[in-house]
Amino acid sequence: MSAQLLELDGISAGFGSHRVLDDLHLQVAPGEIVALVGASGSGKSTLLSLLTGAVRASAGEIRYGGAVIDPATMGAHRPFAAMPQRDVLLPWRDMVANASIGLEVAGVPKREARSRAAELFAPFGLTGSEAQFPRQLSGGMRQRVSFLRTVVQEKPVLLLDEPFGALDAITRDDLQRWLLAIWEQHGWSILLITHDIREAVRLADRALVLGRAGEVGGARIVAEVPVSRDIPRDDRFVLDPRVPVRESQLQAALGSVHARDATAPGRADERGR
Ligand SMILES: Nc1ncnc2c1ncn2[C@@H]1O[C@H](COP(=O)(O)OP(=O)(O)OP(=O)(O)O)[C@@H](O)[C@H]1O
Ligand SMILES: [Mg+2]
């Protein structure tokens, strides 16, 4: 049996005639953080939608723990919890009610859902904001609550789509540290989409570059850069001489994909559809 927890094997997917992903292969091991980087529009969020069941693959297999699964038909049994790319807190719900939405949608009674969400406010550094509304909180606090909403579902795999993308550098740095500290206690497997090379190197064991391959038009994993698997991710991290090297390697891998995309014939036409 495979040692991988999650495997995408030869996945193709798209919207109508627009092929977004083509023969994509990807694995995530138990407890691993895998970063997914790639140009805007390359299909990163589409890949997550395959796992949340919002989009269905036209070819290939998704395996979890070695067994083939169809996330679109699994409902609450899906082993993934996703944090979407946009801030989706509901303005009329207080923070506890926002944090419990995922559980409520999965069928957990409202009272129980809210008390399970409320229990995480203290360990997540959110004490005092339980009864506040999204407009009363900073961007960083809102992202923490969005993350809490994802985590409270108690799934073994977290899918994070640009979790800190909209935040300033200091807040992002703060939240990266915070995420690593919480991850060390829980040991989830994480698939992390990010545009930020530093963030990918800081948080992930491996970074995968999604890019167009060949003439078909769809994207697949075109490069893999081992980033922080062997670097301690605590305060020593910023001083470790391997960090800037890994950042340059990832930047170069991403740059060569961009260069290839820019010269690919017909790109503008395909993207416009
Ligand atoms: N619901 C949809 N219907 C039709 N086309 C879509 C849909 N969602 C995404 N697309 C198209 O699929 C392609 C990939 O989009 P996707 O959102 O996955 O990119 P991304 O890599 O997440 O980009 P970004 O970094 O900007 O978030 C784009 O060309 C986009 O226009
Ligand atoms: Mg996206």
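Which residues does F124 touch, not counting residues up to four places away in sequence? The legends below take up this question and others.

**About the model.** This is a predicted model, in which local features need pLDDT of at least 70, side-chain atom pairs count only at pLDDT 80 or more, and totals for chains, interfaces and linings use all residues. Residues are numbered from 1 along each chain as its sequence is written, chains are lettered from A and ligands numbered from 1 in the order in which they are written, and side-chain values use heavy atoms, with hydrogens and water left out.

**View 1. F124 and its contacts.** F124 touches R144, F147, L148, V151, W178 and I182, leaving out residues up to four places away in sequence. Contact means heavy atoms within 4.5 Å.

**View 2. The largest nonpolar core.** This core has 53 residues. F124, F147, L148 and L250 touch the most other members. A nonpolar core is a set of buried Ala, Val, Leu, Ile, Met, Phe, Trp, Tyr and Cys residues joined through side-chain atoms within 4.5 Å. Buried means under 20% relative accessible area, exposed over 50%, and partly exposed in between (1.4 Å probe, protein chains only). Helix α6 (residues 169-186) gives the largest share of this core, 6 residues. Domain 1 (6-79 + 157-269) and domain 2 (87-154) each supply at least three residues. A second, separate core holds 28 residues, including I11, L26, V28 and L210.

**View 3. The two domains.** The chain divides into domain 1 (6-79 + 157-269) and domain 2 (87-154). These bounds come from an automatic or database domain assignment. The domain centres, taken over C-alpha atoms, are 25 Å apart. Where they meet, 12 residues of domain 1 are in contact with 9 residues of domain 2.

**View 4. The magnesium ion.** Which residues coordinate the magnesium ion (ligand 2)? S45 (OG) and Q85 (OE1) do, at 2.1 to 2.4 Å. S45 lies in helix α1 and Q85 in the loop between β6 (80-83) and α2 (95-99), so the pair ties together parts that are 40 residues apart in sequence. S45 is partly exposed, at 29% relative accessibility. Q85 is also partly exposed, with a relative accessible area of 35%. Donors are N, O and S atoms within 2.8 Å of the metal (3.2 Å for Na, K and Ca); water is not among the atoms, so sites may look incomplete.

**View 5. Helix α1 and its end.** Helix α1 covers residues 44-52. Its buried residues are K44, T46, L47, L48, L50 and L51. Just after α1, G53 takes a positive phi of about 85°. The chain has 9 helices and 10 strands. Helices (H or I, at least four residues) and strands (E, at least two) are DSSP runs, numbered from the N terminus.

**View 6. The loop at G218.** G218 sits in the loop between β9 (206-212) and β10 (219-226). Is G218 buried or exposed? G218 is buried, with a relative accessible area of 0%. Leaving aside neighbours within four places in sequence, G218 is in contact with R19, V20, L21, D22, G211, R212 and A213. R114 lies 104 residues from G218 in sequence and 42 Å from G218 in space, C-alpha to C-alpha.

**View 7. The whole chain.** Of the 273 residues, 49% count as buried. The C-alpha atoms fill a box of roughly 55 × 45 × 40 Å, taken along the principal axes.
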